Amino acid sequence: MRRRKSEPYVRLVEPLVREHGVLRPAGWEEALERAAEGFRRNVAAKGPDAFGMFSCARATNEMNYVAQKFTRAVIGTNNVDSCNRTCHAPSVAGLARVFDSGGGTSSYREIEDADVVVLWGSNAREAHPIFFQHVLKAVHKGAKLFVVDPRKTSTAKWGHRWLQLHVGTDIPLAHAVAREIIHSGLANEAFIERATEGFAEFKASVEPWTLEVAEEVTGVPKELIRELAHAYARADRGQMSWTLGITEHHNGTNNVLSLINLALLCGHVGRYGAGLNPLRGQNNVQGGGDMGAIPDRLPGFQDILSPEVRAKYDALWGSTIPPYKGQNLTQMLEAMERGDMTCVYIIGENPVQSEADSEHTRKRLSNLDHVVVQDIFLTKTAQLADVVLPASAAWCETDGTFTNSERRVQRVRKALEAPEGARDDIAILCDLARRLGHDEWDYTSAEQVWDELRQLSPMHAGMTYQRLADLGGIQWPCYSEDTIEPSFLHGRLWEEDPAKRGRPAPFSVLDHSPPVDLLSDEFPLRLTTGRRLDSYNTGVQSSGFESPLRRGETLDLCQEDAELLGVRQDELVQISSRRGAIVAPVRIDDGLRPGLAFMTFHFPDEIDVNSITIEATCPIAGTAEYKASAIRVEKLPPGITEDDRFTVVPV
Ligand SMILES: Nc1nc2c(c(=O)[nH]1)N[C@H]1C(S)=C(S)[C@@H](COP(=O)(O)OP(=O)(O)OC[C@H]3O[C@@H](n4cnc5c(=O)[nH]c(N)nc54)[C@H](O)[C@@H]3O)O[C@H]1N2
Ligand SMILES: Nc1nc2c(c(=O)[nH]1)N[C@H]1C(S)=C(S)[C@@H](COP(=O)(O)OP(=O)(O)OC[C@H]3O[C@@H](n4cnc5c(=O)[nH]c(N)nc54)[C@H](O)[C@@H]3O)O[C@H]1N2
Ligand SMILES: [Mo]
């Protein structure tokens with residue numbers, strides 16, 4: 001079978017501006033002036049909230065600090081966000097609700113010392129291979145690994161136990177685990193009494209979820225549910241890690257809260273070795289949020305609604321930060337549709353291919369008066385822009401810091417010169433700020449930016465570049481230059497003295513809510529989407545190379561479903577949802593259950609999977625339900641050929 005291959009993206013080395021509908025090369029002076037003028041015009045016409053910033057989770061902390069400062073201090077709005085919205089915003093929201101801080105609670109070293117590790121909705125073997133090495137070290141030392149995933153992933157193959165639940169049934173499963181722990185007398189009553197609140201209501205709410213009921217709803221045999229409950233509760237050091245199988249749902253935050261409930265029940269938080277750890281997505285998505293590239297927090301996770309916090313920033317920045325939360329990425333896209341947001345500055349994001357229901361996103365962005373895209377490649381999003389600005393690649397061509405999932409801030413050093421014609425992300429932002437009337441914007445080094453941040457963010461205050469280099473990175477919080485805090489968070493919950501213990505951690509009462517895109521006779525199969533080791537997100541940085549590992553996009557089905565549909569391995573089929581249709585080859589995967597299909601979103605130039613996903617979002621966090629769409633799979637109708645894989649057929 002002939003397969004169409006994505007072309008590699010070519011590095012952007014000169015700015016582009018749109019003229020008579022097409023992008024043409026321009027000098028930096030012209031492009032920057034066009035970019036600045038468009039922002040000026042839109043803000044003058046409709047006010048600062050007509051502006052939106054998509055900041056870059058692959059770029060440094062310093063660049064994210066400058067991007068959010070530009071949004072707040074130069075433009076005057078809090079409309080700034082990043083791809084954290086598409087993945088772990090529910091983790092941050094859930095953890096912050098219970099513990100006042102949205103970070104993962106322990107360190108990689110502690111995973112190695114755990115005796116039970118649960119990977120819930122996470123394919124760490126492929127998506128977090130470095131973290132997974134730490135898990136394997138724990139396994140070698142005797143830890144028991146449980147994997148909760150609807151697919152038998154390569155991670156699940158390493159698990160001692162694999163719990164194959166139906167997509168979207170995580171709350172019933174977590175509730176049944178909780179009920180079993182309570183009924184077996186394994187709950188940590190001393191911890192519950194001392195450090196939590198709302199246990200009685202929680203206990204009553206999980207009472208209906210017997211092992212039998214849960215087996216019926218989740219598809220996981222009750223013996224396995226019991227085994228997970230007993231192992232996790234009896235563990236001295238129980239580690240719970242989760243990723244998008246939990247968060248990318250219309251009720252993602254509630255899913256996260258259902259796992260936090262289990263840790264509270266067993267006292268598996270606030271101690272060395274026990275913890276709750278969302279494995280973050282892009283290399284610096286943790287740092288982007290910490291730097292305030294989110295609409296409701298200033299750098300250091302400080303509340304935008306606090307007048308004292310804003311006053312501190314305004315004093316140093318000479319700004320007037322709006323006293324209300326900005327729009328998150330999901331809300332910004334809605335504001336574009338309403339006409340309330342008319343200009344956007346997108347740094348290192350490719351929303352046209354990464355957002356659910358991509359046709360809808362494309363329309364929303366196409367309607368804007370002014371779109372500026374700053375990237376290292378001419379992405380499909382950049383192709384819609386009015387101005388395209390070529391940036392240097394943060395990971396090898398700039399100086400700065402990144403923050404990983406264990407909250408460790410580490411130095412990044414420039415190893416290569418950026419190609420001639422590309423400019424540093426921070427330098428571009430400073431130039432634009434000056435054109436918008438802020439002559440004082442003249443950062444000459446990443447360290448200068450970092451030292452400004454350290455003055456404002458207590459949790460970073462003690463991390464000088466020198467210390468970061470000497471210690472090989474430091475986990476936040478780090479309040480002063482001569483101290484290091486414990487590797488885990490929330491030790492306060494174990495304090496005897498109530499004053500030191502602080503706010504109790506609340507249990508959450510949660511309802512089961514099945515996926516929004518309902519299965520029906522017309523759309524009888526569940527499609528879940530995710531990652532593979534060989535490719536990266538929308539493929540911009542990983543497309544166009546040959547490798548035996550790499551097989552391009554496929555529709556993965558189990559043998560039984562393939563036989564029912566009368567289709568074979570490699571046969572092209574049409575896949576339709578309530579949004580549209582695509583054409584892709586079948587791959588038989590016996591790690592799937594009848595009724596469940598899997599695709600990635602890594603090859604959108606060949607097959608645009610996000611043209612069929614649903615954009616139902618979590619009302620608390622704004623994250624889309626990428627993990628559950630309803631589809632129909634058919635043999636190719638007569639007349640449709642391989643070339644039609646590009647066509648979105650309206651249904
Ligand atoms: N190689 C590679 N690594 C990456 C990336 C990449 O593109 N390629 N992307 C990075 C990014 S941005 C992120 S956010 C992370 C994501 O890392 P992961 O979240 O681990 O990756 P996914 O494959 O999206 O989803 C994880 C698993 O969720 C399962 N799942 C689906 N539905 C459900 C459900 O209802 N319940 C449960 N319990 N599980 C379910 C899927 O079967 C899948 O195996 O990876 C990062 N690392
Ligand atoms: N169907 C489906 N869709 C999904 C998901 C899913 O599981 N299923 N997962 C979602 C998740 S978790 C995420 S995080 C998103 C990812 O969505 P995006 O972040 O939109 O996608 P990426 O492909 O990672 O795009 C990153 C862009 O950053 C640019 N870039 C890299 N380094 C730099 C730099 O230093 N400076 C600048 N200026 N640009 C740079 C790259 O060239 C690329 O264009 O996709 C989401 N979409
Ligand atoms: Mo992500």
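**View 1. Helix H8 passes helix H11 in a left-handed crossing.** A crossing counts as left-handed if the near helix is turned anticlockwise from the far one by less than a right angle. In this predicted model, local features need pLDDT of at least 70, side-chain atom pairs count only at pLDDT 80 or more, and totals for chains, interfaces and linings use all residues. Residues are numbered from 1 along each chain as its sequence is written, and side-chain values use heavy atoms, with hydrogens and water left out. The axes of H8 (residues 170–183) and H11 (residues 211–218), which are lines fitted to C-alpha atoms over the stretch in contact, come within 9 Å and cross at roughly 165°. The two helices are therefore roughly antiparallel to each other, a label given to angles over 145 degrees.

**View 2. Residues of H8 meet residues of H11.** Pro172, Leu173, Ala176 and Glu180 of H8 meet Leu211, Ala214, Val217 and Thr218 of H11, where contact means heavy atoms within 4.5 Å. By class, this contact has 6 nonpolar, 1 polar and 1 charged residues.

**View 3. An open sheet is formed by 3 strands in the order S16-S17-S18, with antiparallel pairing.** Strands are DSSP runs of at least two residues (E), and helices are runs of at least four (H or I); two strands pair if DSSP finds at least two bridges between them. S16 (400–403) and S18 (474–475) stand at the edges, each with a single partner strand, so one side of each is left without a neighbour in the sheet. S17 (residues 408–412) pairs with S18 over 2 bridges, and valine 409 has isoleucine 474 in S18 as its bridge partner.

Methods
Chains lettered and ligands numbered in written order. Axes fitted to C-alpha atoms, helices over the stretch in contact; angles between N-to-C directions. Parallel < 35°, antiparallel > 145°, perpendicular 65-115°, else oblique. Nonpolar A, V, L, I, M, F, W, Y, C, P; charged D, E, K, R; others polar.
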